[in-house]
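Today I am opening my notebook on a new chain. I want to learn how its parts hold together, one look-up at a time.

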Amino acid sequence: MRIQTETGRTAIQLYSPQNRQGGLQVAAGAAIAHPPHDTVELGSVKPRELPPDAISHHVSRLFFSPEVNARLEKVLQDKTAQVEEAAYQLIENNLFKANVDIPDEERAALLEVGLTQAKFLADQYFSGQDAADFMDTIHLLAAVAKTRTVDPATGSVRYADLPQKPVGAPDDYVDTSKLMQRFDPASYKKMQTAPEDGTERISIMLQFVKKLRDQPEWLSEYRKEEQASLDQLKATKLPNRFEQVNTKDLTSFLQELQARIADSTPSYKDPLQANVAAFLRVLSRQP
């Protein structure tokens, strides 16, 4: 599975390409006079440290599948901005940490801390079916995160595929391109290299649909494989050394989680403690 960030966001424009009236103009052949300036010896400047919350980093929302993302949006739609940000932050920073250089043990511990943070959010800010749906989704994503593999030649990261069924599609929906990739890889490869704005792709797809009429077993086999893969992900065991941490109030939660991190992860406790501190900063941020 390739995890993507949501598109369509507007980037901040730091300048305007249009000429502004009254702006600096330089006539041809004129010399530009630079204003006088002071000289500062860098060695005499005392560095300053910004407080941890001086710069707010808003995490991107990773795309997993239409159903998964719609479920997250649904359970978070009536929550505060802080809770919503904390949920997406733990998904990005704990479950799908991008840095490939961190040790596997630290990555596993980050995932377990993320599961514990999710449990705190569920107990404190969700109720009923929303709480169950939120935790089920987090557990599914954690199971996907466990399938992480890295290509040693290219460094590219891959995860297990999730069904890409559009929201509202019938239960027997099948992604035809995925079906082609599975049973007719030559046609799929040809389609991938065809121009996106031409008719060649449509022609290749129509030819595959004709093949599919003569091979009805492809559909049933693919559906069985997809369901088996999803069932296996849902059944993934997720041991968590922090699962007994008290999630009934923030003070107890932080104290117990920090203490267990210090006791159980001596070699990489600092990045885990920093992760918990970042989680707290988001929840305590003023609206």
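Below are my entries, from the overall layout down to single residues.

**Ground rules**

This is a predicted model, so I kept to its cut-offs: local features need pLDDT of at least 70, side-chain atom pairs count only at pLDDT 80 or more, and totals for chains, interfaces and linings use all residues. Residues are numbered from 1 along each chain as its sequence is written, and side-chain values use heavy atoms, with hydrogens and water left out.

**Entry 1: the layout**

I started with the secondary structure and found 10 helices and 4 strands in the protein chain. Helices here are DSSP runs of H or I with at least four residues, strands are runs of E with at least two, and both are numbered from the N terminus. Read along the sequence, the pattern is β-β-α-α-α-α-β-β-α-α-α-α-α-α.

Next I looked at burial, where buried means under 20% relative accessible area, exposed over 50%, and partly exposed in between (1.4 Å probe, protein chains only). Of the 287 residues, 33% count as buried. The accessible surface comes to about 19,100 Å², by the Shrake-Rupley method with a 1.4 Å probe and, for residues, only the protein chains shown as cover. Carbon and sulfur atoms own 51% of that surface.

I also checked contacts, meaning heavy atoms within 4.5 Å. Among contacts with a separation of 6 or more, 68% are between residues 24 or more positions apart.

**Entry 2: the nonpolar cores**

Which residues of the largest nonpolar core touch the most other members? I found I91, L95, F96, L121 and F134, out of 52 residues in this core. Such a core is a set of buried Ala, Val, Leu, Ile, Met, Phe, Trp, Tyr and Cys residues joined through side-chain atoms within 4.5 Å. Helices 1 (66-76), 2 (81-95), 3 (104-125), 4, 8 (217-234), 9 (250-264) and 10 (269-284) each supply at least two residues of it. Helix 4 gives the largest share, with 10 residues.

I then followed L121 and left aside its neighbours within four places in sequence. Its contacts are V83, A86, A87, L90, F126, F134, F279 and L283. There is also a second, separate core of 11 residues, including L179, F183, Y188 and M191.

**Entry 3: salt bridges**

How many salt bridges does a search of the whole structure find? I noted 9, each with a side-chain nitrogen of Lys or Arg within 4 Å of a carboxyl oxygen of Asp or Glu.

K165 pairs with E67, with the closest N and O atoms 3.6 Å apart. K165 sits in the loop between strand 4 (157-158) and helix 5 (176-183) and E67 in helix 1, so this pair ties together parts that are 98 residues apart in sequence. K165 is buried at 14% relative accessibility, while E67 is partly exposed at 32%. I also see that E67, K165 and D171 are linked in a network of salt bridges.

E221 pairs with R182, the closest N and O atoms being 3.3 Å apart. Here helix 8 holds E221 and helix 5 holds R182, so parts 39 residues apart in sequence are tied together.

D184 pairs with K211 at 2.6 Å between the closest N and O atoms. D184 lies in the loop between helix 5 and helix 6 (185-193) and K211 in helix 7 (residues 200-214), 27 residues apart. D184 is buried at 9% relative accessibility, whereas K211 is partly exposed at 36%.

**Entry 4: a buried charge without a partner**

Where is D133? I found D133 in helix 4 (residues 128-146). D133 is buried yet has no salt bridge, and K74, the nearest side chain of opposite charge, is 5.1 Å away. Lys and Arg count as positive and Asp and Glu as negative, while His and the chain ends are not counted. Not counting residues up to four places away in sequence, D133 touches R71 and V75.

**Entry 5: a loop residue**

My last stop was L238, in the loop between helix 8 and helix 9. L238 counts as buried, at 16% relative accessibility. L238 and E112 are 126 residues apart in sequence and 8.1 Å apart in space, C-alpha to C-alpha. Beyond residues up to four places away in sequence, L238 touches L115, H139, A142, A143 and K146.
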